[in-house]
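Dear colleague,

Please find the structure below, handed over for your own work. My notes on what was found in it follow.

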Amino acid sequence: MNALASASIKVMAIGANVLPSTPWKVSKGMNTRKMIAWPYSKRKISFFGTTRRGFVYKFDCEVSGEAALQVFIANADLENPQGAPQSIEASATLDDRAVSLVRAMFEQRRVAGFEISDAARAPVNVGDLKVQLVSEYRSPAMTGKVLRIENNGSEPMTLKEEIIAGDGAIAVSISNPNLASGQATAAYVVVPSGG
(Lines give C-alpha, C1' and ligand atoms only; values in the text may rest on other atoms or scores of the structure.)
Protein backbone atom coordinates (compact mmCIF):
# COMPACT_ATOMS: atom_id res chain seq x y z
CA MET A 1 0.00 0.00 0.00
CA ASN A 2 1.30 3.45 -0.88
CA ALA A 3 2.27 5.37 2.29
CA LEU A 4 0.60 8.50 0.98
CA ALA A 5 -2.70 6.67 0.55
CA SER A 6 -3.06 6.48 4.31
CA ALA A 7 -2.02 10.08 4.90
CA SER A 8 -3.71 12.00 7.66
CA ILE A 9 -5.86 15.06 7.00
CA LYS A 10 -5.72 18.27 8.97
CA VAL A 11 -8.95 20.30 8.86
CA MET A 12 -9.00 23.88 10.10
CA ALA A 13 -12.50 25.33 10.31
CA ILE A 14 -13.77 28.86 10.73
CA GLY A 15 -17.19 29.11 12.35
CA ALA A 16 -19.22 26.51 14.15
CA ASN A 17 -21.76 25.01 11.76
CA VAL A 18 -22.15 23.66 8.25
CA LEU A 19 -25.18 24.60 6.18
CA PRO A 20 -26.18 22.19 3.41
CA SER A 21 -26.97 25.01 0.98
CA THR A 22 -23.75 26.96 1.49
CA PRO A 23 -21.03 26.99 -1.20
CA TRP A 24 -17.77 25.66 0.18
CA LYS A 25 -14.33 26.52 -1.06
CA VAL A 26 -11.75 23.85 -0.52
CA SER A 27 -8.32 25.20 -1.31
CA LYS A 28 -4.72 24.08 -1.43
CA GLY A 29 -2.26 26.84 -2.26
CA MET A 30 -3.51 28.79 -5.27
CA ASN A 31 -5.77 25.96 -6.47
CA THR A 32 -9.34 26.44 -5.27
CA ARG A 33 -12.29 24.12 -5.77
CA LYS A 34 -15.89 25.19 -5.18
CA MET A 35 -18.56 22.74 -4.06
CA ILE A 36 -22.28 23.34 -3.68
CA ALA A 37 -24.22 21.16 -1.23
CA TRP A 38 -27.99 21.40 -1.75
CA PRO A 39 -30.66 21.41 1.00
CA TYR A 40 -30.67 18.10 2.78
CA SER A 41 -33.06 16.83 5.45
CA LYS A 42 -30.61 14.59 7.35
CA ARG A 43 -28.42 15.75 10.28
CA LYS A 44 -25.19 14.66 8.56
CA ILE A 45 -23.84 14.96 5.07
CA SER A 46 -20.97 12.85 3.73
CA PHE A 47 -19.03 13.26 0.53
CA PHE A 48 -15.75 12.18 -1.02
CA GLY A 49 -13.01 14.41 -2.39
CA THR A 50 -10.35 13.22 -4.84
CA THR A 51 -6.93 14.83 -5.15
CA ARG A 52 -5.12 15.34 -8.43
CA ARG A 53 -2.90 12.39 -7.51
CA GLY A 54 -5.96 10.15 -7.17
CA PHE A 55 -6.18 9.89 -3.38
CA VAL A 56 -9.74 9.75 -2.09
CA TYR A 57 -10.78 11.31 1.23
CA LYS A 58 -14.16 11.03 2.93
CA PHE A 59 -15.71 14.05 4.66
CA ASP A 60 -18.47 13.77 7.29
CA CYS A 61 -20.20 17.00 8.31
CA GLU A 62 -22.99 17.75 10.75
CA VAL A 63 -25.76 19.93 9.34
CA SER A 64 -27.02 22.64 11.69
CA GLY A 65 -27.30 26.33 12.40
CA GLU A 66 -27.66 29.44 10.33
CA ALA A 67 -24.07 30.46 9.59
CA ALA A 68 -21.83 29.18 6.82
CA LEU A 69 -18.61 27.32 7.51
CA GLN A 70 -15.48 27.55 5.42
CA VAL A 71 -13.14 24.57 5.64
CA PHE A 72 -9.45 24.59 4.71
CA ILE A 73 -7.93 21.19 4.12
CA ALA A 74 -4.28 20.28 3.99
CA ASN A 75 -2.53 16.93 3.98
CA ALA A 76 -0.42 17.09 7.15
CA ASP A 77 1.81 14.25 5.97
CA LEU A 78 2.73 16.15 2.81
CA GLU A 79 3.21 19.50 4.57
CA ASN A 80 5.37 18.03 7.36
CA PRO A 81 6.71 14.71 6.09
CA GLN A 82 8.16 12.36 8.65
CA GLY A 83 11.47 10.68 8.07
CA ALA A 84 11.87 7.00 7.49
CA PRO A 85 9.95 4.77 9.89
CA GLN A 86 11.73 3.99 13.11
CA SER A 87 12.98 0.43 13.25
CA ILE A 88 12.97 -1.75 16.32
CA GLU A 89 15.90 -4.15 16.66
CA ALA A 90 14.59 -7.66 16.05
CA SER A 91 17.45 -9.08 18.14
CA ALA A 92 16.56 -6.94 21.17
CA THR A 93 14.74 -8.47 24.13
CA LEU A 94 10.95 -8.31 24.19
CA ASP A 95 11.10 -5.72 26.98
CA ASP A 96 13.53 -3.51 25.01
CA ARG A 97 11.34 -3.74 21.89
CA ALA A 98 8.29 -2.78 23.98
CA VAL A 99 10.13 0.24 25.42
CA SER A 100 11.13 1.32 21.88
CA LEU A 101 7.49 1.02 20.81
CA VAL A 102 6.31 3.13 23.78
CA ARG A 103 8.86 5.81 22.84
CA ALA A 104 7.68 5.78 19.20
CA MET A 105 4.01 6.04 20.24
CA PHE A 106 4.84 8.97 22.55
CA GLU A 107 6.66 10.72 19.69
CA GLN A 108 3.85 9.78 17.24
CA ARG A 109 6.36 8.21 14.86
CA ARG A 110 5.86 5.45 12.35
CA VAL A 111 7.50 2.12 13.17
CA ALA A 112 8.68 -0.37 10.55
CA GLY A 113 6.58 -3.53 10.68
CA PHE A 114 3.65 -1.90 12.51
CA GLU A 115 0.29 -0.93 11.05
CA ILE A 116 -1.02 2.24 12.71
CA SER A 117 -4.72 2.91 13.24
CA ASP A 118 -5.51 6.48 14.30
CA ALA A 119 -9.30 6.10 14.34
CA ALA A 120 -10.23 7.11 17.88
CA ARG A 121 -12.87 4.92 19.46
CA ALA A 122 -15.75 6.08 21.63
CA PRO A 123 -14.70 6.61 25.25
CA VAL A 124 -15.89 4.23 27.96
CA ASN A 125 -16.41 4.99 31.63
CA VAL A 126 -14.62 2.77 34.13
CA GLY A 127 -15.56 4.00 37.60
CA ASP A 128 -14.49 7.65 37.77
CA LEU A 129 -12.26 7.31 34.70
CA LYS A 130 -13.18 8.01 31.09
CA VAL A 131 -10.88 5.91 28.87
CA GLN A 132 -10.54 6.30 25.10
CA LEU A 133 -8.38 4.37 22.64
CA VAL A 134 -6.73 7.07 20.50
CA SER A 135 -4.43 5.01 18.29
CA GLU A 136 -3.10 1.51 17.93
CA TYR A 137 0.20 0.13 16.59
CA ARG A 138 -0.14 -3.52 15.44
CA SER A 139 2.49 -6.06 14.44
CA PRO A 140 2.42 -9.86 14.46
CA ALA A 141 4.33 -9.93 17.78
CA MET A 142 2.90 -7.05 19.82
CA THR A 143 0.30 -4.29 19.87
CA GLY A 144 0.78 -0.81 21.27
CA LYS A 145 -2.19 1.24 22.44
CA VAL A 146 -2.34 4.98 23.07
CA LEU A 147 -5.08 5.79 25.59
CA ARG A 148 -6.55 9.09 26.73
CA ILE A 149 -7.61 8.83 30.36
CA GLU A 150 -9.65 11.50 32.14
CA ASN A 151 -10.55 11.74 35.83
CA ASN A 152 -14.31 12.39 35.90
CA GLY A 153 -14.46 12.03 39.68
CA SER A 154 -14.65 14.88 42.16
CA GLU A 155 -11.41 13.85 43.94
CA PRO A 156 -7.79 13.72 42.72
CA MET A 157 -6.65 10.28 41.63
CA THR A 158 -3.32 8.47 41.20
CA LEU A 159 -3.26 6.08 38.25
CA LYS A 160 -1.41 2.83 38.71
CA GLU A 161 -0.05 0.66 35.92
CA GLU A 162 -2.07 -2.35 37.08
CA ILE A 163 -5.29 -0.28 36.73
CA ILE A 164 -4.43 0.70 33.14
CA ALA A 165 -3.21 -2.66 31.85
CA GLY A 166 -3.86 -6.25 32.78
CA ASP A 167 -1.35 -8.88 33.84
CA GLY A 168 -0.38 -9.65 30.24
CA ALA A 169 1.02 -6.18 29.48
CA ILE A 170 4.65 -6.07 28.39
CA ALA A 171 5.08 -2.33 29.06
CA VAL A 172 2.98 0.52 30.48
CA SER A 173 3.83 4.21 30.64
CA ILE A 174 1.56 6.95 32.03
CA SER A 175 2.41 10.56 31.12
CA ASN A 176 0.96 12.02 34.33
CA PRO A 177 -0.24 9.48 36.90
CA ASN A 178 -1.54 12.15 39.33
CA LEU A 179 -4.81 13.49 37.95
CA ALA A 180 -6.87 16.27 39.50
CA SER A 181 -10.61 16.23 38.98
CA GLY A 182 -11.36 16.87 35.27
CA GLN A 183 -7.71 16.42 34.24
CA ALA A 184 -6.64 14.02 31.45
CA THR A 185 -3.44 12.24 30.56
CA ALA A 186 -2.08 9.80 27.99
CA ALA A 187 -1.10 6.22 28.69
CA TYR A 188 0.91 3.89 26.45
CA VAL A 189 0.33 0.16 26.78
CA VAL A 190 2.12 -2.67 24.94
CA VAL A 191 0.60 -6.15 24.96
CA PRO A 192 1.32 -9.33 23.00
CA SER A 193 -0.63 -9.32 19.72
CA GLY A 194 -3.99 -10.97 20.13
CA GLY A 195 -4.19 -9.65 23.72
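Among contacts between residues at least 6 apart in sequence, what percentage join residues at least 24 apart? The share is 50%, where contact means heavy atoms within 4.5 Å.

This is a predicted model, in which local features need pLDDT of at least 70 and side-chain atom pairs count only at pLDDT 80 or more, whereas totals for chains, interfaces and linings use all residues. Residues are numbered from 1 along each chain as its sequence is written, and side-chain values use heavy atoms, with hydrogens and water left out.

The protein has 3 helices and 14 strands; these are DSSP runs (helices: H or I, at least four residues; strands: E, at least two), numbered from the N terminus. Of its 195 residues, 31% count as buried (buried is under 20% relative accessible area, exposed over 50%, partly exposed in between; 1.4 Å probe, protein chains only).

A search of the whole structure finds 1 aromatic pair. The ring centres of Phe-106 and Tyr-188 lie 5.9 Å apart with the planes at 75°, so the pair is edge-to-face (rings of Phe, Tyr and Trp, the last by its six-membered ring, pair if their centres lie within 6.5 Å; planes under 30 degrees apart are stacked, over 60 edge-to-face, the rest tilted). The partners are 82 residues apart, Phe-106 in helix α2 (residues 94–106) and Tyr-188 in strand β14 (residues 184–192). Phe-106 is exposed at 53% relative accessible area, whereas Tyr-188 is buried at 8%.

Glu-150, in strand β10 (residues 142–151), is buried at 14%.

Kind regards
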